[in-house]
Amino acid sequence: MAKKPGTNPKGEFAFFNVVYEDGSQRSNRRVPAELLGGLDGDEPARGFIMEQDREIAEKSGRPALEIKSLDRVGAKKK
């Protein structure tokens, strides 16, 4: 059944592309928007994604990869 227009809240999550030390990339990783902003900017996203990666690695039995870079989807490059 289709949803009514306007029922999906916008701005609830920010999306990030993550590049790992081994060169692999994961796109559109979701981070709650309430963690971001303020003086730290997007830095809290790194900790949130690292925690997600740790949980995934624990369940899969593989070691977690180190994050090389983190870019917000849709953000303009400086």
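A: Happy to. Let's start with strand β1, residues 13–20: its covered face is made of A14, F16, V18 and Y20, while F13, F15, N17 and V19 make up the uncovered one. Keep in mind that this is a predicted model.

Q: Thanks! Which strand pairs with β1 over 6 bridges?

A: That is strand β2, residues 25–32, and the two pair in the antiparallel sense. Within this pairing, F13 stands opposite P32 of β2.

Q: And how many residues sit between β1 and β2 in the hairpin?

A: There are 4 residues between them. G23 is in that turn, and its phi is positive, at about 95°.

Q: What about β3, in which sense does it pair with β1?

A: Antiparallel again: β3, residues 67–72, and β1 are joined by 5 bridges.

Q: Let me zoom out. What pattern does the protein follow along the sequence?

A: It reads β-β-α-β, with 1 helix and 3 strands in total.

Q: How much of the protein counts as buried?

A: Of its 78 residues, 19% do. The accessible surface comes to about 6300 Å², and carbon and sulfur atoms hold 51% of that.

Q: Okay, the helix next. Where is D53, and is that residue buried or exposed?

A: D53 is in helix α1, which covers residues 43–60. D53 counts as buried because its relative accessibility is 9%, and the cut-off for buried is under 20%.

Q: Which residues is D53 in contact with, leaving aside neighbours within four places in sequence?

A: Those are Y20, R29, A64 and I67.

Q: New topic: how many salt bridges does a search of the whole structure find?

A: It finds 4. One of them joins the side chains of R72 and D42, at 2.5 Å from N to O. R72 lies in β3 and D42 in the loop between β2 and α1, so this pair ties together parts that are 30 residues apart in sequence.

Q: Are R72 and D42 buried, exposed or something in between?

A: R72 counts as partly exposed at 31% relative accessibility, and D42 counts as partly exposed at 30%.

Q: Which residue does E43 form a salt bridge with?

A: With R46, and their closest N and O atoms are 3.5 Å apart. Both are in helix α1, and they are separated by about one helical turn because they are 3 residues apart. E43 is partly exposed, with a relative accessible area of 48%, and R46 is partly exposed too, at 23%.

Q: And what about E51, which side chain does it meet in a salt bridge?

A: The side chain of R54, at 3.0 Å from N to O. E51 and R54 are 3 residues apart in helix α1, which means about one helical turn lies between them.

Q: Last one: where does G11 lie?

A: In the segment before β1. G11 is exposed, with a relative accessible area of 59%. From G11 to E34 is 23 residues in sequence and 9.4 Å in space, C-alpha to C-alpha.

Technical notes. Residues are numbered from 1 along each chain as its sequence is written. This is a predicted model: local features need pLDDT of at least 70, side-chain atom pairs count only at pLDDT 80 or more; totals for chains, interfaces and linings use all residues. Side-chain values use heavy atoms; hydrogens and water are left out. Buried means under 20% relative accessible area, exposed over 50%, partly exposed in between (1.4 Å probe, protein chains only). Two strands pair if DSSP finds at least two bridges between them. Contact means heavy atoms within 4.5 Å. Accessible areas come from the Shrake-Rupley method with a 1.4 Å probe; for residues, only the protein chains shown count as cover.
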